[in-house]
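Please look through the structure shown below, and then read the report that follows, which takes up a few of its features in turn.

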Amino acid sequence: MSFKSCKSPFVLRQDSESFLLGTKEAIAELSSVKTARLLVISDSHGFFTQFQFIVQECGKFYDALVFCGDGAHDLKELLSKSERNSAFKAVLPGVIAFVRGNNDPASFFVERENANAESFTPIKCPNAVAFTVASQSVFCTHGHEYGVYSGTEQLKVSAEIFCKQKDISSPALVLFGHTHTPYAKKSQKQFVLNPGSISLPRNSSAPSFASVELSENGIEYTFSKISREKIAPYTAPF
């Protein structure tokens with residue numbers, strides 16, 4: 001896989017339509033580049049140290065961070081740290097997409113640099129998001145509302161409906177979490193991926209996350225595992 005394509009720095013701002021975090025310019029750049037890399041993480045469940053380490057080590061190589069839910073507090077801490085620490089903020093991709101898991105609140109506040117009442121930024125946690133990456137549509141949700149323990153058919157149909165309602169093309173990539181188990185499968189129309197859990201893996205899997213590259217040549221992915229602050233390539237058992 002190649003290095004990141006987007007140059008826009010991260011700015012703490014939530015788009016009112018897409019719910020993505022980042023400037024309009026960064027979101028537009030992610031949409032229009034020929035190749036883009038996504039760092040896909042899910043189900044941190046309070047393991048902030050793991051989350052922070054992955055982003056610290058890998059964030060600068062990606063065009064967007066996608067968090068598939070169940071760890072909103074960890075995302076909040078990540079964003080708060082980026083507001084306090086310019087060096088950490090510099091490694092964040094220019095766009096962050098995230099969704100609400102079944103253990104997450106509907107919203108949270110991020111404290112900005114100045115400690116006063118006006119320095120708290122409200123962030124809404126959407127149940128699902130759809131956005132464009134390298135001219136291809138991406139759908140993301142946590143998955144608990146779509147019976148993902150039994151399969152992904154309901155998820156894929158719901159992704160199609162959601163994108164159509166948002167006037168976005170049929171999703172080339174569908175991302176979800178919830179099962180704590182890495183999964184990747186390509187069908188004729190869609191590529192469906194679960195990065196696994198970085199905190200509490202299930203079904204004999206390791207704590208894991210995923211890298212996804214979208215380009216005119218298609219979609220490529222790899223899994224990585226994390227153990228004792230070491231990241232290594234991972235062949236998931238599915």
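## A pair of strands

In this predicted model, strand β4 (residues 107-111) and strand β5 (residues 120-124) pair in the antiparallel sense, with five bridges between them; two strands are said to pair if DSSP finds at least two bridges between them. Strands here are DSSP runs of E of at least two residues, while helices are runs of H or I of at least four residues, and both are numbered from the N terminus. Within this pairing, phenylalanine 109 of β4 stands opposite proline 122 in β5.

In a regular strand the side chains alternate between the two faces of the sheet. For β4, the covered face carries Phe108 and Val110, whereas the uncovered face carries Ser107, Phe109 and Glu111.

## Salt bridges

A salt bridge is counted where a side-chain nitrogen of Lys or Arg lies within 4 Å of a carboxyl oxygen of Asp or Glu, and by this rule the count comes to four. One of them links glutamate 83 with lysine 89, whose closest N and O atoms are 3.2 Å apart. Salt bridges that share partners also join Arg13, Asp15 and Lys24 into one network.

## A loop residue

Glutamate 145 has its place in the loop between β7 (136-141) and α5 (153-165), and with a relative accessible area of 45% it is partly exposed. Glutamate 145 and histidine 73 are 72 residues apart in sequence, and their C-alpha atoms are 21 Å apart in space.

## Basis of the values

Residues are numbered from 1 along each chain as its sequence is written, and side-chain values use heavy atoms, with hydrogens and water left out. Because the model is predicted, local features need pLDDT of at least 70 and side-chain atom pairs count only at pLDDT 80 or more, whereas totals for chains, interfaces and linings use all residues.

Definitions and conventions. Buried means under 20% relative accessible area, exposed over 50%, partly exposed in between (1.4 Å probe, protein chains only).
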